[in-house]
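Hi,

Here is the structure I said I would pass on.

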Amino acid sequence: MSGVSQLKGKIATGSQIRESFLKFFEGKGHQILPSASLIPSNDPSLLWTAAGMVPFKPYFTGAAKPPTRRVTTCQKCLRTPDIDSVGRTARHHTFFEMLGNFSFGDYFKKEAIPWAWEYVTDYLGLPAEKLWITIYLDDDEAFEIWHKDVGVSRDRIVRMGKDTNFWEIGVGPCGPCSEIYVDLGRARGCGREDCGVGCDCDRFLEIWNLVFIQFFRDEKGEYTLLENKGIDTGMGLERVASVVQEVPTNFDSDVFREIMDFTAGRAGVVYGRGGEADLALKVIADHCRAVTFAVSDGALPSNEGRGYVIRRLLRRAVRFGRTIGINRPFLYEVAGAVIRQMGDAYPDLEENRDHVMNVIRTEEERFGETLVQGTEMLNRLIGEAKSSGGFEISGRDAFRLYDTYGFPLELTVEMAREQGLSVDEDGFTAAMEDQRRKARSARQETEYISERDVLYRSVRDRLGETRFVGYDSLEARSRVLFLAREGAEVDRAVAGEEVELVLDETPCYAEGGGQVSDHARITATDLEVEVYEVFKPVEGVYVHRGKVIGGMIAGGDTVTVRVDQERRRSVARNHSATHLLHKALKEVLGGHVNQSGSLVEPDRLRFDFTHYTPVSREELRRIEDLVNSQILSNLPVEAAEMPLEEARDLGAAALFGEKYGDVVRVVKMGEFSLELCGGTHIGSTAEVGMFKILGESSVGAGLRRVEAVTGDGALKYVNAREEQIFEIARITKAMPHEVVQRVEGLVREIRELEIEAEGLRAKLARHEVQSLLEKVKDLKGARFLAARASSPDMDSLRAMTDLIRDRLGSAVVVLGSVTGERVNLVAAVTSDLVGRGLHAGRLVKEIAPVVGGGGGGRPEMAQAGGKEPARLQEALEKAYRVALDQIRD
């Protein structure tokens with residue numbers, strides 16, 4: 001405790017609070033663990049790590065064993081439900097740090113409560129007379145400890161209900177809470193006589209929540225006492241910093257001020273004068289912290305999932321930057337300020353600096369392009385509203401601009417006002433609420449622990465774990481520990497039935513780390529089970545899912561398990577190739593490349609990685625050549641287990657966002673590749689045989705994908721390509737080695753013929769235009785032409801329409817053509833006639849239904865399609881009547 005004792009009375013900055021908290025609990029026998037990734041590991045129910053306990057969920061549920069029974073962390077967290085409140089309130093954030101101490105079946109309330117009081121009063125120096133305590137209604141045990149052991153007076157301990165002081169999420173561990181509140185003084189309150197703990201005003205601020213995990217809630221909603229109780233506490237660093245530093249909001253603490261002052265300098269504004277500038281600086285600082293940490297942890301902007309969250313936060317920050325005059329990419333520079341401030345506490349930020357700043361800058365530049373597109377769309381809406389005599393942009397259109405292009409309502413209102421138009425802001429709000437309502441209805445409640453997890457956790461607790469021997473052997477004699485069908489335990493399974501089996505020993509690899517599971521056969525006398533999937537619902541339990549082909553299998557049976565050797569070898573070949581590919585990508589493209597995901601199957605591999613531009617053909621060739629050179633070098637592939645820190649010291653590559661235990665498996669390929677990996681591999685790189693890249697593509701901003709084949713798959717691919725070359729040679733009557741020159745010659749001939757044909761079509765079109773001009777009618781003093789043309793497609797029909805309109809000078813032109821069973825219609829109105837009420841878009845909209853179609857467009861030009869060629873003439877005749885109704889004298 002000597003280190004933290006030196007900080008007594010000196011704790012002021014956010015960094016000091018973080019350090020003192022962790023050191024305090026280290027002195028209480030806790031192991032300090034680094035923050036887990038913002039991207040939850042192996043938990044598809046969660047989009048983000050949103051609380052300090054999230055990384056420890058498997059320990060609380062019993063799905064995994066903790067490395068130690070006492071842990072303390074400062075966990076980075078991300079939440080977005082209150083995004084619209086960020087900057088407008090004193091406490092709302094998207095990214096925040098959660099200080100916590102945890103017990104997994106070790107200490108409980110008797111220790112957790114006094115320790116919390118000791119830290120808050122002795123180390124943070126908060127006066128006891130300003131502190132209040134809440135407990136769950138009937139948690140008399142907590143009351144006695146707070147009152148008798150700690151010495152808090154009865155009148156400062158407030159009992160509260162289940163909605164605030166009982167923590168639970170569906171099925172799983174749960175329990176009552178106790179919170180520590182700080183009274184910030186009457187000046188921060190609402191002024192009501194009954195103002196107290198639990199009031200919605202800012203006077204009483206909760207700073208620490210202690211969760212006592214002592215019950216298990218089952219599917220029926222019934223609670224049973226846990227044999228091994230737990231502690232889960234959470235204290236927001238930003239919130240505590242504002243209290244210790246005696247500033248009015250979290251944003252005024254040192255945690256945010258350096259970042260906001262940097263942005264203010266770039267914008268030429270000053271923080272603290274109130275108004276829109278202060279709001280913008282707060283939002284930018286908050287959102288940039290979230291984006292910086294999320295991208296560093298492996299998230300990338302995209303249109304779905306957590307990528308959509310990052311894109312929304314980043315674009316929202318950019319829009320707020322524009323409100324304070326920053327109209328160029330700048331957020332990547334703010335990210336640099338975040339890294340400078342937080343890099344000591346989170347070294348991975350410094351390691352990933354270039355990657356983070358490149359991703360953010362690329363996304364900023366892309367957003368600049370979408371703003372241009374949004375402006376074009378808004379200008380069209382303004383033009384249509386004015387030409388139709390309207391005075392308002394609809395709320396639905398304004399929301400479409402916001403939702404599609406990230407176009408802020410304020411900008412839409414401002415641009416519309418400049419053109420003498422208003423915006424239906426109530427309609428915009430209604431459209432946004434409608435989208436939120438649909439999103440809420442689409443959400444499903446996520447259980448803390450699934451029924452399947454509960455089932456297999458109980459199996460492990462009752463019957464023990466499965467021993468995996470698949471690294472060294474593809475066959476094992478095993479005993480059947482457990483059988484299940486349709487989620488329920490059964491005694492036996494017979495031929496024709498689908499079954500899930502747990503064995504005491506297995507050579508089968510369970511799906512994980514991007515590698516698919518093994519297939520296998522389970523046999524005994526008169527028994528055969530085909531296993532087509534192996535997975536681990538909880539740590540230590542291998543579930544074999546398959547079908548009984550013949551005989552009967554029962555609990556306690558002794559069986560033989562044989563892995564499909566050819567399939568395993570193919571998978572291992574592809575998995576080893578991904579390691580070679582990963583290293584080759586770094587060598588050719590740069591050190592910023594990191595694995596973002598992979599899929600390893602028997603017949604192919606897929607590898608996702610961070611990179612900002614398409615990989616050129618030359619780069620792909622170099623990557624492929626480098627991988628194949630390592631294959632030909634026949635490098636030994638060796639695997640060894642070692643402590644995580646030792647592996648990192650050796651330079652072993654780890655996966656973004658992946659969670660590793662204290663002891664890890666390291667796969668080494670000569671001196672070329674060293675990675676943390678739990679998958680199966682070949683004995684030497686030569687066994688890969690051949691590596692061939694099939695293609696490279698984008699899967700999101702700053703994220704690329706390579707697909708490849710190896711071994712037999714690569715040989716089949718090369719043979720297929722060779723057959724294609726022979727077939728092309730046959731068709732073009734050339735030798736295989738001459739096909740490129742022969743095809744180039746044919747392409748030149750085709751291009752020359754196309755040019756000749758185009759010239760002939762132009763001559764025919766001029767003759768056709770001349771004949772069509774003879775059909776021009778009078779339309780209240782204007783020229784009108786509606787006729788059928790021979791144009792083969794929409795592009796040539798538009799070109800002919802433009803030509804006729806230009807020849808006439810002032811006119812309405814409607815042309816139709818037929819291609820197969822398709823009708824094309826184009827209408828054009830010269831600008832002087834638009835002023836007389838004519839509108840090409842509305843004109844084609846009325847005549848298109850005649851030919852069984854639809855369409856529309858701008859006042860000057862519009863097009864439509866249909867599927868009833870026989871009625872084209874009828875539609876053209878109707879065009880005159882519609883134009884006659886539109887035109888004003």
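C199 is buried, at 15% relative accessibility (buried is under 20% relative accessible area, exposed is over 50%, and partly exposed lies in between, with a 1.4 Å probe and protein chains only). C199 is in no disulfide, and its nearest cysteine sulfur, that of C201, sits 3.6 Å away. A disulfide here is a pair of cysteine sulfur atoms within 2.5 Å, and the structure holds 0 of them. C190 has its closest cysteine sulfur in C199, at 3.7 Å, which is too far for a bond. With a relative accessible area of 34%, C190 is partly exposed.

Before the rest, some housekeeping. This is a predicted model, so local features need pLDDT of at least 70 and side-chain atom pairs count only at pLDDT 80 or more, while totals for chains, interfaces and linings use all residues. Residues are numbered from 1 along each chain as its sequence is written, and side-chain values use heavy atoms, with hydrogens and water left out.

**Salt bridges**

How many salt bridges does a search of the whole structure find? The search gives 50, counting a side-chain nitrogen of Lys or Arg within 4 Å of a carboxyl oxygen of Asp or Glu.

- E118 and K28 form a salt bridge, with the closest N and O atoms 3.1 Å apart. E118 is in helix α4 (residues 109–123) and K28 in the loop between α2 (14–26) and β1 (31–32), so the pair links distant parts of the chain, 90 residues apart (helices are DSSP runs of H or I with at least four residues, strands are runs of E with at least two, and both are numbered from the N terminus). E118 is partly exposed at 22% relative accessibility, whereas K28 is buried at 18%.
- D149 and K110 meet through their side chains at 2.8 Å, N to O. K110 is exposed, with a relative accessible area of 52%, and D149 is partly exposed at 42%.
- R462 and E489 make a salt bridge of 3.5 Å, N to O. This pair also links distant parts of the chain, 27 residues apart, with R462 in helix α17 (residues 451–463) and E489 in strand β14 (residues 488–489). E489 has a relative accessible area of 48% and is partly exposed.

**Aromatic rings**

The count of aromatic pairs comes to 32. Rings of Phe, Tyr and Trp (its six-membered ring) pair if their centres lie within 6.5 Å, and planes under 30 degrees apart count as stacked, over 60 as edge-to-face and the rest as tilted. F56 and Y59 are stacked, at 6.0 Å centre to centre with 25° between the planes, and both residues are buried. Y107 and W115 are edge-to-face instead, at 4.8 Å and 70°. Y107 is buried with a relative accessible area of 3%, and W115 is buried at 13%. Both belong to a cluster linked by ring pairs, made up of F21, F24, F25, Y107, W115, Y119, Y123 and W208.

L815 has V826 of β33 as its bridge partner.

**Two backbone spots**

Two residues other than glycine have a positive phi. For N634, phi is near 55°, and this residue is found in the loop between α19 (617–632) and β25 (637–643). N634 is partly exposed, at 43%. K733 has phi near 55° and is found in the loop between α21 (711–732) and α22 (739–773). At 75% relative accessibility, K733 is exposed.

Best wishes

Technical notes: Two strands pair if DSSP finds at least two bridges between them.
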